[in-house]
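Please open the structure in the viewer and keep the selection tool at hand.

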Amino acid sequence: MNSPSSVADPQALAKLRGLIKDVTVAMVVTVGIDGALHSRPMATREIEPDGTLWFFTADDSLKAREIADEHQVNVVYADPRQQKYVSVSGTATIVRDPEKNRQLWIPMAKVFFPHGADDPRLALLRIQVESAEYWDAPANRMVQLFQLARAAFAGDAEPIGDHQRVDLPRFTD
């Protein structure tokens, strides 16, 4: 396993994007007005090449109010079947962009926004990723069991898989 390190290269960003692209639901964590952490499941609509994440949200939601007060958020992706886990930290903003709404629109979103991509409550949650950490273990259970048995026998506490930290440059508007 690789020990965590700071990486700012395109390969690390591509690996990060690859790990989260197929996870359909993430847990988005905001800081509440009371200082408590609030988590909720959300579907990622887009991952840009620079790592920026996009979600649909209602402009009058609690999360929108929380983000107005505290922009720092965490997003957690988990795929236990593939043994892939990602924790993303970044800066969130609520964006009003009808063109982007239409670009990212999917019919399932009509459940939450009955007027479609032009719903007056529809806004976008943009998260500019500042850092991320991921754990990517071999998906093959037999390989994992063999590595665990070998580690136990040898007294080796080395964790299984790849653990990496990715730091991205901070952006300003």
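A residue is buried under 20% relative accessible area, exposed over 50%, and partly exposed in between (1.4 Å probe, protein chains only). This is a predicted model, in which local features need pLDDT of at least 70 and side-chain atom pairs count only at pLDDT 80 or more, while totals for chains, interfaces and linings use all residues. Residues are numbered from 1 along each chain as its sequence is written, and side-chain values use heavy atoms, with hydrogens and water left out.

First, select Asp118, which is exposed, with a relative accessible area of 53%.

Next, select Asp60 and Arg121, a salt bridge whose closest N and O atoms lie 3.2 Å apart. Asp60 is partly exposed, with 44% relative accessibility, and Arg121 is partly exposed at 34%.

Then select Lys21 together with Asp22: this salt bridge has its closest N and O atoms 3.2 Å apart, and both residues are exposed.

Now display Glu46, Glu48 and Lys100, which a network of salt bridges links. How many salt bridges does the rule count? The count comes to eight.

Technical notes:
A salt bridge is a side-chain nitrogen of Lys or Arg within 4 Å of a carboxyl oxygen of Asp or Glu.
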